[in-house]
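Thanks, everyone, for making time this morning. Let me put the sequence and the structure up first, and then I will talk you through them.

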Amino acid sequence: MKADVLICGAGIAGVVAAYHLCVRQGIKNVVLVDERPPLTLTSDKSTECYRNWWPGPGDTMVRFMNRSIDLLEELADESGNYFHMNRRGYVYLTAVPEQAASFQETAAAISALGAGPLRIHDGHHETVYQPHAAHDYRHQPDGADLILDPALIHAQFPFISDTAIAALHPRRCGWLSAQQLGMYLLDQARAHGAQVVRGRVTGVNVGNGRIQSVTIDQDGTPLTIATAVFVNAAGPLLRQVGQMLGVDLPVFNELHGKIAFEDVLRVIPRDIPLMIWNDPLMLPWSDEERAWLAENEETRWLLQPFPAGAHFRPEGGMEATTLLLLWTYHVTRQEPVWPTQFAPEYAEVVLRGLTRMVPGLAVYLERMPKPNVDGGYYCKTQENRPLIGPLPLDGAYVIGALSGYGIMGGMAAGELLANHVAGGTLPDYAPAFLLSRYDDPAYRALLDSWDAAAGQL
Ligand SMILES: Cc1cc2nc3c(=O)[nH]c(=O)nc-3n(C[C@H](O)[C@H](O)[C@H](O)COP(=O)(O)OP(=O)(O)OC[C@H]3O[C@@H](n4cnc5c(N)ncnc54)[C@H](O)[C@@H]3O)c2cc1C
């Protein structure tokens, strides 16, 4: 068997790479190799959200995401919105005056990076707040609305705690069906010549200083595919596959969980944006619970402050009741293992935390409908930027370290990878994602002062 390009991994990274190589660059013989069915390791575990609202340094991530969203909108137009893209926005909320001031400062900075205009609604400016549309991804505002008028926040989002004093609503944001997006791209790639081969890549064979072939294990049977171009799109296993090429990729993994929860009492309206509580918080407990938790060394941590960032969104149509709840309150680096494991109290902690933002959810604390907990790994670089481009071995490339943004950034990531492989025109953000950026001592020195978690959900 022979391939013009062999891609290891059929998650969203491998699939977008195959799509761009076959459909947009016209390369016919692209083989995607995966030991699992396509899109089933991390890419079907995501919250499926997108945003162009990214902090610096510089405008690299804003331009990358704007390009990706341009491409997603093109696909939505051509497919009759096959993957249900909406543009409801993200709403960041705070009850703390200093945080409201910081919203204004960071929002002005992100707006200046190219994320669109900032409109302030404080009861003094003459600006009109345009509510989001539930379904339309076109004809929606760009940039962000900063609401500093609590009455306006509560009129728009009456289920939110009346402690909220500021809301930042970036508008080129929303969500889509990642599975349908991935399958649409895979079908298109297949129609243009791509093939999916089931099996585990176990070795990459190098001769004369370049890639010659790839060895695959198919349930104990070895298969060798001759190829001169190998793309590492192995998601959380990026580093392991890099080692097959003799390249040490500077990535690590963090476990992030997601809870699907049935809001059977319909506390939350179905047509709302993604809602994020941006303040650290204490979990609510009764005096009796508090005394009991304080007694025990193993439970005392539940009385400590928890970090900002609890968030949720409705999942499914207007008739559905599912909510997706997320909050990674313990972020740790770890080696990936499957099946992923979450602490038994995880769902209850997240629900309790969210009652600070939505007091109405407290009705479920007495008797919580059985939640469905899953999740996966954010594979990341130190500065939370992806790795896309050639590796220091002729014919080898990487597309990965897509962290918590592989669905939203996938289209631009795949386009960039395909341009590297096919010798197309590179966008000006291309150097920022090369592995070779770490060869620059000035860049490495910058990393120490870089807040890698900035903007991460
Ligand atoms: C809880 C959670 C919420 C998220 N929310 C969002 C969100 O709202 N928006 C967003 O944009 N992103 C989100 N993400 C991130 C997004 O899901 C990831 O960035 C993306 O799925 C990564 O895709 P990938 O293709 O790199 O990896 P994967 O989907 O993991 O695919 C890698 C593939 O490589 C295969 N593979 C590995 N090694 C080998 C080998 N040796 N041989 C053969 N195959 C191999 C694996 O089987 C796998 O199928 C979220 C992630 C999580 C966990």
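Predicted model: local features only at pLDDT ≥ 70, side-chain atom pairs only at ≥ 80, totals over all residues.

Residues are numbered from 1 along each chain as its sequence is written.

Around the ligand there are 40 residues, of which G9, G11, T42, G235 and G406 come nearest, where a residue counts as near if its C-beta atom, placed from the backbone, lies within 6 Å. By class, this shell has 18 nonpolar, 15 polar and 7 charged residues, with Gly counted among the polar ones. Because domain 1 (2-48 + 178-250 + 381-447) and domain 2 (252-377) both give residues to the shell, the ligand lies between them; the domain bounds come from an automatic or database assignment.

Turning to the sheet, 9 strands form an open, mixed arrangement in the order β6-β7-β8-β5-β16-β17-β18-β15-β19, where strands are DSSP runs of E with at least two residues, helices are runs of H or I with at least four, and two strands pair if DSSP finds at least two bridges between them. β6 (118-121) and β19 stand at the edges, each with a single partner strand, so one side of each is left without a neighbour in the sheet.

Within this sheet, β15 pairs with β18 (residues 322-326) in the antiparallel sense over 4 bridges, and F261 stands opposite L323 in β18.
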